[in-house]
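Dear colleague,

Please find below the structure that I am handing over to you. My findings follow directly after it.

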Amino acid sequence: MLSQPISVTFDIGGGRMVSIETGKLARQADGAVTVRQGNCIILATVVANKDPKEGQEFFPLSVDYQEKFASAGRIPGSFFKREARLNDYEILTSRLIDRALRPLFPEDYFCDVQVLLSLVSSDAEVMPDSLACLAASAALAVSDIPIKEIISEVRIGRVDGQLVVNPSRTELEKADMEFMIAATEKNLMMVEGEAKECSEEDLVKALDIAHSAIRVHIKAQEELRTKAGVTGKRDYTKPVTNEELQQKVTAFTKDRIYEISRKGSSKHERSDAYDQLKDELIASLGEEVTDADKKLAKKYYADLQWEVVRNMILDDRIRLDGRSLEQVRPLAMEIDPLPTPHGSALFTRGETQSLTTVTLGTPLDELLIESAAKSVDSKFFLHYNFPPFSTGEVKMMRGQSRREVGHGNLAMRSLRQMMPGSEYPYTVRVVSDILESNGSSSMATVCAGSLALMDAGVPFPKHVSGVAMGLITRSADGKYAILTDILGDEDHLGDMDFKVTGTREGICGVQMDIKVDGLAMSTMREALEQARKGRLHILDAMYQTIEASRPEVKPHAPRMVKIFIDKEFIGAVIGPQGKIIQEIQRETGTTINLEEVGNFGEVSIFSPAKEGLDKAVTWIKSIVAQPEVGSVYEAKVKSVMPYGAFVEFLPGKQGLLHISEISHKRLETMEGVLKEGDMVKVKLIGLDQKTGKFKLSRKVLMPKPEGQGAPKAPAGGRSEQE
């Protein structure tokens, strides 16, 4: 007989109820739950292998979040009409969950774990990504997979000045601050988000409110686990240890690791010295040592290196490259290093370098961002590339990794805060190519992107810079060290890695991974203040490179003019089946985008050449122009009749040029006077109100022949015309 589903329900605030259910779906998985709010339902499953693969040296966790288009009653727009590889939004959501879950597993647990999440029912107002981590953690909680703690994740948005937990989609569109925050019962685990120049204290307040909300989620998961009868966790195979070998490694290498680490050498010099010492260590073990022991010795050596460097920084306040804890590496930056892109910048900080370009496009170049709930077009997007040569490595090029998507998203969200609004007509693409990397290439992308946007003439009001920070703590004596502008080697040493971007006035973006238990808020505040100082130091150098955006785009960038026309003329500009607008684009070499906005038509005209732009503008204005009596026009003869010629003096506007109005000389016939296709200058002299016909004259623009002045008055004092 089938078991009955088990569920718990709780309020996330404002009467918004969330339920977690297990025991009904996917029962062969180690853990499976559905999380529901409104009509939004997420199915989360988790399965772990019983034993690790032979020789496994790291924790193989995979997390995939996917939105089923059927959840919103939609069919995918791809050629195959089925869900394909994860899109960027799904990858970013997967990364948020992965980063929060990974620290929950024991350090000696190396079994494959797969977490799969599917949006199976969509709600137009409920943001599913804010419930996804809750679902993943709940699936682990009702399984016997060994995790140390239960977690959850919420979104904090500031809407109309108020901090809201898990705001609706409509509320989020109005938010000026948005952060995703994950935590256990006691400790924050992960923070990522963006803001319109919020203060450091605003961020700390958001973290505090989020943590209170997360504790409610954790309590509900604990209740579900108790109801499901989960009491223990499975045993697992632990890695082999050898205390005697570990002591040998320590005795042979500890002092020499310290010597190498305190020299303040470059990345490659330091790496070569570490590798040489490792080779000497393995040789010292003798020829009789097994391959397994060699492998174990290398692990002990890496662990010792981690410990020695941490202690050196804490006790000696010395870093691997010789800098002080708050010192930013040497900066070098230039704008316009490339002649052809619409904007470009080269930013170098120590051994990290980004070459960033900006391309200005038309509305036709907008990026379609498709999800189950809705599809939107984005006029600003950033692509981040991390080729293997940037770290001196050889690797297969297999498209963008999840890391590249994540780093690019952080930079894009940070720069987006200073981008002009929807009235800005250009589509803007920023591309960062990392040429060197030794610590925080994503922050180099933010700085290079800001410089390149100003170089391109985008009305970017303030520079945005970013700095990567590290925190090392030692619980034994309470010592800690906050590191500004961390190196790649320092990245994995820390107990908190965080990146902060912003202007001189406030924070624009944050990405933070916290690995230490019981981090005091006072330490968090100190770290954020040190990050602010580092950010301002970089900003000063950026303003010296380019103080403000160029007043206009470069000569080879597409020019743009926006004009507004009466709504009634939209059809006339487009023409039957688009013939008119296509002809204008073809003849002038322009790209034209026409949208209906209220009672007007918004016409955006893009052209690489000013001549074509001016021609297209004149053409469109002539289509929508209203004929005015007394105005002079250049007209084209459309047809010739015995009594005159029909001419087109404005696009779609024709009138009769009567034979009597062609010349001061009396014409008996039209033969040989005008022919179809001739251009003739005419004046609009009248409009028949009843018929709507236009009266045109050519002769009024011509000088009168001599002797054809006004007739003289007769002897009676009155003219014949009187």
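Helix 9 (residues 441–455) lies across strand 18 and strand 20 (496–502), and the helix runs at about 155 degrees to strand 18. Please bear in mind that this is a predicted model. Helix 7 (residues 291–316) also lies across strand 18 (465–474), together with strand 19; the angle between helix 7 and strand 18 is about 95 degrees.

These strands belong to an open sheet of 8 strands, in the order 8-7-9-10-21-20-18-19 and with antiparallel pairing. At its edges are strand 8 (162–165) and strand 19 (479–484), each of which pairs on one side only. On average, neighbouring strands of the sheet are turned by 15 degrees against each other, direction ignored.

Within this sheet, strand 10 (residues 188–198) is paired with strand 21 (residues 507–514) in the antiparallel sense, over 6 bridges. E192 has Q511 of strand 21 as its bridge partner.

A separate point concerns the surface. A nonpolar patch is formed there by V632, I685, V700, L701 and M702, and the accessible area of these residues together is about 370 Å². One of them, I685, is located in strand 28 (residues 679–687).

With kind regards

Key
Residues numbered from 1 in each chain as written. Predicted model: local features only at pLDDT ≥ 70, side-chain atom pairs only at ≥ 80, totals over all residues. Heavy atoms only, no water. Patch = residues over 30% accessible without salt bridge, like charges linked within 9 Å, V, L, I, M, F, W, Y side chains within 5 Å. Areas by Shrake-Rupley, 256 points an atom, 1.4 Å probe, with all protein chains shown as cover. Salt bridge = Lys/Arg side-chain N within 4 Å of Asp/Glu carboxyl O. Helix = DSSP H or I, 4+ residues; strand = E, 2+ residues; numbered from the N terminus. Pairing = 2+ DSSP bridges. Axes fitted to C-alpha atoms, helices over the stretch in contact; angles between N-to-C directions. Contact = heavy atoms within 4.5 Å.
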